[in-house]
Amino acid sequence: MSTENEGTAVPPAPSAPPVPVDAPAAPASQAQAPQGPYGQDAQGQAPQGPGASGDAPHPGASSSAPDPSWPPPPPPTAPYGDGGSGSGPGGWGSSYQQPAPKSGRGRGGLVAAVLVAALVAGGLGGGLGYVLARDNDESTGSTTVSASANGGDVKRDPGTTAGVAAKALPSTVTIEAESTSGEGGTGTGFVFDKQGHIVTNNHVVADAVDGGKLTATFPTGKKYDAEVVGHAQGYDVAVIKLKDAPSDLKPLTLGDSDKVAVGDSTIAIGAPFGLSDTVTTGIISAKNRPVASSDGSGSQASYMSALQTDASINPGNSGGPLLDARGNVIGINSAIQSTGNGGFGTGQSGSIGLGFAIPINQAKYVAQELIKNGKPVYAKIGASVSLDDSSDGAQITDQGAGGAAPVEPGGPAAKAGLKPGDVIIKLDDRVIDSGPTLIGEIWTHQPGDKVTITYERGGKQRTAEVTLGSRVGDN
């Protein structure tokens, strides 16, 4: 399954919801696979195969154990990708890179194309209007009916799409990130608090992390310089802060993503292909979708147990809010499933009705940690698992990455009696079909949470109570 994350392709995703482990396995091409940042020491080899933007195949992982150090290798099972900012190809969480400007074209070219279409439609409308008016003048009477009120007098209830959009748009921003070398792209973010913090995707701001330039523009056209407060590559969440933030900021209200139901209405706001302040609608198509993605460099992975929506999401929507019918944020738009390359000179596809968002309950926890400490905190079980693309579960590797033990001595998994070779098939009531699925699911929890793990050993099923440990930072 190919996926796109605003400008970069993503590896295929596992069929079952993702469950976080300690760290993902390293790619086969590497002598040792890096340890996953997502609270687990995932093992196994990184997926093999292309991860081209717009259409990435499911890479396969080799059987050798990866290096436990972060960053983890690109996910063997690719998730769905959408666009944000950043540079280079990637998968979920990869950033969207705007096309290099050409003489008289580029972003302006897209706008020009839209304007030309509008003018053609307008000309046609004018011609038809003239013919109809002439015919009516020659007839015995008029058949037109005038409205009792004009558009400006229409009252739109708060629960309508127009009402929700009118309230939410002033609190969304279009983010432009640029690296020191001039590379970058466009994504979206939303006001998190009155202090000027904006929440977005990590891949949207990745280019500006090391000395780059970052700006946030409101629908009014007011632009603010901003700085990265903290970013979590594993979660694909970042927080930036406006410089000289205005005093009248209105944070968007946060909903409860655990209570979202399939079929609920959704509203997405973003800047698809650079078209700021775009509003689209849809429904929640599914929950707990396992999504694995990589950043623009293709060397680091992100995992999530995502909300799936058919609201139109395209490159540039990354980091924007996914709202419920009342205007509450229930997720952060992060990736889309794609079937092939698209137009507009970007080499990526647009929406085919398969978009994915990070649940806001998880994103809120991550954002608060970033604001407080500047670093992400990941839940972990303390075991290395294979990242091979399979549907049999997440197997604890026989050999730890980089010479480390496959089961961390004294860690959560060891205390629960888990051993190398055990195959984890459930976490609480969630089915685990692969290592990436396990990692994504673990990351929906916080350190200290107690979970029930069901695993197979010697052909028999067993259960164990595990208290999740913690891991600070992506490195």
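**Group meeting: a barrel, a helix and a pocket**

Strand 6, residues 172-178, and strand 9, residues 213-217, pair in the antiparallel sense over five bridges.

Six strands form a closed barrel, in the order 6-7-8-11-10-9, and the pairing is antiparallel. On average, neighbouring strands of this sheet are turned by 40° against each other, direction ignored.

What packs on the sheet? Helix 4 does. Helix 4 touches strand 7 (184-191), strand 8 (197-200), strand 10 (223-232) and strand 11 (237-242). The direction of helix 4 makes about 55° with that of strand 11.

Next, the second largest pocket. Its volume is about 400 Å³. It is lined by 20 residues, and the closest to its centre are Asp258, Asn288, Asn361, Arg430 and Thr444. Helix 4, residues 360-373, comes up again here: it supplies at least two residues of the lining. So do strand 13 (278-294) and strand 14 (301-309), each with at least two. How does the lining divide by residue type? Six residues are nonpolar, eight polar and six charged.

Last, confidence. The mean pLDDT of the protein is 74, and 64% of its residues reach 70 or more. Where is confidence lowest, and where highest? The lowest is in strand 5, residues 60-61, at a mean of 34. The highest is in strand 8, at 98. Over residues 6-137 the pLDDT is below 50, yet beyond near neighbours in sequence this stretch has 574 contacts in the model. Residues 341-347 are also below 50, with 17 such contacts. Where pLDDT is low, the predicted coordinates should not be read in detail.

How values were computed
Residues numbered from 1 in each chain as written. Predicted model: local features only at pLDDT ≥ 70, side-chain atom pairs only at ≥ 80, totals over all residues. Heavy atoms only, no water. 1 Å grid on protein atoms, 1.4 Å probe; cavity = no way out; pocket = protein on both sides within 12 Å on 5 of 7 lines; lining within 4 Å. Points joined across faces, edges and corners; volume = space filled by probe spheres on them. Helix = DSSP H or I, 4+ residues; strand = E, 2+ residues; numbered from the N terminus. Nonpolar A, V, L, I, M, F, W, Y, C, P; charged D, E, K, R; others polar. Pairing = 2+ DSSP bridges. Axes fitted to C-alpha atoms, helices over the stretch in contact; angles between N-to-C directions. Contact = heavy atoms within 4.5 Å. pLDDT = per-residue confidence, 0-100.
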